[in-house]
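Please look over the sequence and the model below.

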Amino acid sequence: MCECKWRNKELDSRVLTVLNSQKDIFKYKNKSLMAFSKSGFTEDAIEYAKNNDIRLVWFEMV
């Protein structure tokens, strides 16, 4: 399951909390969670992701 946000601000842990709670809808044994963000993630989101095995991916213009 994944969450994708294309906003001009960092994604915070509230979005990850909702994503994490929704994984229980599916009864599969193996589940992977990912979040995609245009503008990155707040420090609390990064910490939440580490503690809940959620992969974070963000777009970086170079």
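## Basis of the model

Helices (H or I, at least four residues) and strands (E, at least two) are DSSP runs, numbered from the N terminus. This is a predicted model, in which local features need pLDDT of at least 70 and side-chain atom pairs count only at pLDDT 80 or more, while totals for chains, interfaces and linings use all residues. Residues are numbered from 1 along each chain as its sequence is written, and side-chain values use heavy atoms, with hydrogens and water left out.

## The end of α2

Asp53 follows α2, and its phi is positive, near 55°. Asp53 is a residue other than glycine. Most residues other than glycine have a negative phi. Asp53 sits in the loop between α2 (43–51) and β3 (54–58).

Is Asp53 buried or exposed? Asp53 is exposed, at a relative accessible area of 66%.

The arc is that of the directions from the helix axis to the C-beta atoms. An α-helix has 3.6 residues a turn, so residues three or four places apart point the same way.

Contact here means heavy atoms within 4.5 Å.

## The buried side of α1

In α1, the buried residues are Ser13, Val15, Leu16, Leu19 and Asn20. Their arc around the axis is only 150°, so they lie on the same side of α1. Their cover includes β1 (2–5), β2, α2 and β3.

Two of these residues show what lies around them. Leaving out residues up to four places away in sequence, Leu19 touches Met1, Cys2, Glu3, Leu33, Met34 and Ile54. Asn20 is buried, because its relative accessibility is 11%. With the sequence limit of four places again applied, Asn20 touches Leu33, Tyr48, Asn52 and Ile54.

## The nonpolar core

Which residues make up the largest nonpolar core? There are eleven: Leu11, Val15, Leu16, Leu19, Leu33, Ala35, Phe41, Ala45, Tyr48, Ala49 and Ile54. At least two residues of this core come from each of α1, β2 and α2. A nonpolar core is a set of buried Ala, Val, Leu, Ile, Met, Phe, Trp, Tyr and Cys residues joined through side-chain atoms within 4.5 Å.

Leu33 belongs to this core and lies in strand β2. Leu33 is buried, with a relative accessible area of 6%. Among its contacts, not counting residues up to four places away in sequence, are Met1, Lys23, Asp53 and Arg55. Leu33 and Cys2 are 31 residues apart along the chain, yet their C-alpha atoms are separated by 5.6 Å.

## Salt bridges

How many salt bridges does a search of the whole structure find? It finds two. A salt bridge is a side-chain nitrogen of Lys or Arg within 4 Å of a carboxyl oxygen of Asp or Glu.

One joins Lys5 to Glu3, with the closest N and O atoms 3.1 Å apart. Lys5 is partly exposed, at a relative accessible area of 22%. Another joins the side chains of Arg14 and Asp12 (2.5 Å, N to O). Arg14 counts as exposed at 60% relative accessibility, whereas Asp12 counts as buried at 19%.

## Out on the surface

Met1, Ile25, Phe26 and Tyr28 make a nonpolar surface patch of about 450 Å². Patch residues have over 30% relative accessible area and no salt bridge; like charges are joined within 9 Å, nonpolar side chains (Val, Leu, Ile, Met, Phe, Trp, Tyr) within 5 Å. Accessible areas come from the Shrake-Rupley method with a 1.4 Å probe; for residues, only the protein chains shown count as cover. Ile25 lies in the loop between α1 (13–22) and β2 (33–37). Ile25 is exposed, with a relative accessible area of 60%.

Glu60 is in the segment after β3. Glu60 is exposed, with a relative accessible area of 60%. The C-alpha atoms of Glu60 and Lys38 are separated by 7.5 Å, and the two residues are 22 residues apart along the chain.

Note on methods:
Buried < 20%, exposed > 50% of the residue type's maximum accessible area, 1.4 Å probe, protein only.
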